[in-house]
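Please read it alongside the sequence and the 3D structure.

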Amino acid sequence: MIGMSMTITEKILAQHAGLEEVVPGQLITAKLDMVLANDVTAPVAVKEFVKFEVDSVFDRSKVALVLDHFTPNKDIASAEQSKQVREFARRHEIEHFYDVGKVGIEHCLLPEQGLTLPGDLIIGADSHTCTYGALGAFATGVGSTDLAAGLATGEAWFRVPESIKFVFHGTKFQPWVSGKDLILYVIGKIGVDGARYQAMEFTGEGISALSMDGRFTMCNMAIEAGAKNGIIAPDEKTFAYLEGRSKRPYTVYTSDPDAKYAQVFEFDVADIPLQVAFPHLPENTKSVQEASGVKIDQVVIGSCTNGRMEDLRMAAQILRGHKVHPHVRTLVFPGTQEIYRQAMHEGLIDTFIEAGVAVSTPTCGPCLGGHMGILAKGERALATTNRNFVGRMGHPESEVYLANPAVAAASAIRGQIAHPEEVV
Amino acid sequence: MIEGSVWKFGRDIDTDVIIAGRYCNIPDPKELAKHVFEDLDPTFASRFVPGDVIVADSNFGCGSSREVAPLCLKAAGVAAVAAPSFARIFYRNSINIGLPIFEIPDIAKFFEQGQKVRIDPATGLVTNLSTSQSFTAAPFPEFMEKIMAAGGLVNYASERLGGSKA
């Protein structure tokens with residue numbers, strides 16, 4: 001056999017660094033296929049970009065600027081940030097610039113628009129950039145200065161990460177269990193720094209059985225275990241998803257059978273119950289039964305973690321014919337305009353409104369305590385988002401519990417954390 | 001030479017508690033610094049003395065990629081952060097913007113709030129002046145030394161571009 005065995009992550013990094021092979025720990029400089037920033041991180045990046053004194057970005061077709069965090073702008077300071085990014089996008093004729101009316105939550109939007117493809121190397125000034133690993137890409141979050149350097153040079157430096165393999169055996173999922181439960185379960189097992197600096201590779205029959213939406217959710221939350229990236233090798237479901245979306249050729253990489261892993265974890269999906277992460281870390285996971293009865297004031301369904309069609313369908317399936325509890329403000333954030341419209345065509349929006357749910361235009365909004373659903377002192381939310389840190393959704397003495405959309409919908413009806421079977 | 005009092009933190013200090021999301025639309029680091037660690041301790045910013053040092057437990061800076069987290073620590077006058085480990089985006093951001101960070105196994109066990117610390121950035125030698133114990137930080141990879149020697153990532157990458165600009 002020629003060459004050494006490599007993981008999918010190592011192969012993508014090697015190819016973009018112009019090397020035959022790479023090993024964990026190696027520092028490389030690699031070419032970028034897509035560079036992403038949003039209304040919160042791009043202004044800082046733009047300020048740093050100017051210092052490069054270059055006339056243009058490295059490739060205006062490989063840059064995405066997405067105004068999704070504090071939009072539609074919540075205040076003057078946020079409006080100023082959006083304005084800066086908008087002006088930069090116009091000046092540099094950025095091809096993939098998304099403003100209000102076209103914008104979606106970045107990590108729902110970019111794959112939907114076919115801007116992130118298998119084999120790509122992507123950096124984004126947003127920690128949840130790791131979402132695109134679900135397509136078999138290497139994607140990782142960086143800060144604004146790294147992003148500025150990427151915008152100017154089309155390159156970034158990386159330390160090749162060790163890989164951890166997570167094998168999910170079987171396909172007999174417990175009822176309502178989704179990608180969210182699988183990833184919360186993993187984070188509960190390994191902790192919020194259990195994969196620090198490393199690649200999380202998800203594989204096995206259980207992953208093959210997951211929808212693309214479920215896979216995006218899993219890779220999205222790799223950062224919550226401290227990982228550099230999450231990744232899933234492309235398969236028939238990936239190719240079906242890309243049909244009609246991809247506008248450029250892409251390369252499919254898979255791990256060699258004898259590739260080296262720092263650790264291997266094996267689970268049977270049948271053993272994984274619905275998960276709830278308690279405040280104030282995503283690793284504080286329990287089964288939904290153990291969380292049952294916790295009173296809540298707000299439910300948020302959406303975000304880059306769970307704002308896709310499968311998520312909205314799952315929530316609507318539970319809410320249909322029910323009313324949300326009078327003490328629970330329930331908010332749904334479709335991830336993109338396309339998702340919003342599809343949900344409308346399927347009658348999901350009707351279901352939500354009939355149930356007493358507020359449906360919003362796509363925004364990151366309350367997930368990061370920005371706007372559109374901020375919690376008061378002592379209030380408690382159950383959210384399908386990704387983080388439950390102190391003060392994440394509002395007052396420092398408020399609390400966020402994390403779960404999947406089915407648990408969120410059931411809990412909205414009951415006024416307390418509930419198993420979907422309690423209401424259907 | 002860095003010399004100051006220790007401000008002690010636990011493990012998994014996330015960037016949301018360093019600077020809350022609701023302040024991420026403030027462009028001026030000095031303004032941001034007024035809200036540093038506000039959700040953990042609203043009096044922190046007014047009590048912190050520029051030049052003092054943060055000693056924390058593992059995984060400091062986890063969560064969001066917001067570069068304003070190390071930026072506002074720097075603007076608040078945090079002279080250095082020492083911890084057994086840093087979350088990777090925070091680590092990169094700190095190198096890129098010039099916030100001195102030091103990785104030392106178990107360091108949090110050897111410092112209490114308010115003790116005096118001295119750090120020699122050139123050698124990575126960290127001394128607890130209150131107990132006279134010394135520790136050595138893991139050296140940075142040569143590549144990162146180059147970034148720091150160039151005065152940050154912007155300068156380093158500019159040189160790669162062949163620009164004459166600083």
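Two strands pair if DSSP finds at least two bridges between them. Helices (H or I, at least four residues) and strands (E, at least two) are DSSP runs, numbered from the N terminus. The model is predicted: local features need pLDDT of at least 70, side-chain atom pairs count only at pLDDT 80 or more, and totals for chains, interfaces and linings use all residues. Residues are numbered from 1 along each chain as its sequence is written, while chains are lettered from A and ligands numbered from 1 in the order in which they are written.

**Paired strands of chain B**

- Strands β5 (residues 116–120) and β6 (residues 125–128) of chain B are antiparallel and joined by four bridges; B:Arg118 has B:Thr127 in β6(B) as its bridge partner.
- Four residues lie between β5(B) and β6(B) in their hairpin, where B:Gly124 has a positive phi near 75°.
- β6(B) also pairs with β7 (residues 133–136) of chain B, again antiparallel over four bridges, and there B:Val126 is bridged to B:Phe135 of β7(B).
- The hairpin of β6(B) and β7(B) likewise has four residues between the strands, and B:Ser132 in its turn takes a positive phi of about 65°.

**Helices of chain A**

- Helix α6 of chain A (residues 179–190) has 12 residues and spans 17 Å from first to last C-alpha, close to the 16 Å expected at 1.5 Å a residue; the expected span is 1.5 Å times one less than the number of residues.
- Because 11 of its 12 residues are buried, α6(A) is largely enclosed by the rest of the structure.
- The buried residues of α6(A) pack against several elements of chain A, including β8 (163–169), α8 (212–220) and β18 (399–402).
- Just after α12(A), A:Gly321 takes a positive phi of about 80°.

**Contact between the chains**

- Chain A contributes 44 residues to the contact and chain B 38, two residues being in contact if their C-beta atoms, placed from the backbone, lie within 7 Å.
- On the chain B side, α1 (15–18), α5 (88–97) and α7 (153–161) each supply at least two residues.
- That side of chain B comprises 16 nonpolar, 12 polar and 10 charged residues; Ala, Val, Leu, Ile, Met, Phe, Trp, Tyr, Cys and Pro count as nonpolar, Asp, Glu, Lys and Arg as charged, and the others, Gly among them, as polar.

Terms used. A residue is buried if 20 or more other C-beta atoms lie within 10 Å of its own, exposed if 12 or fewer, and partly exposed in between; C-beta atoms are placed from the backbone.
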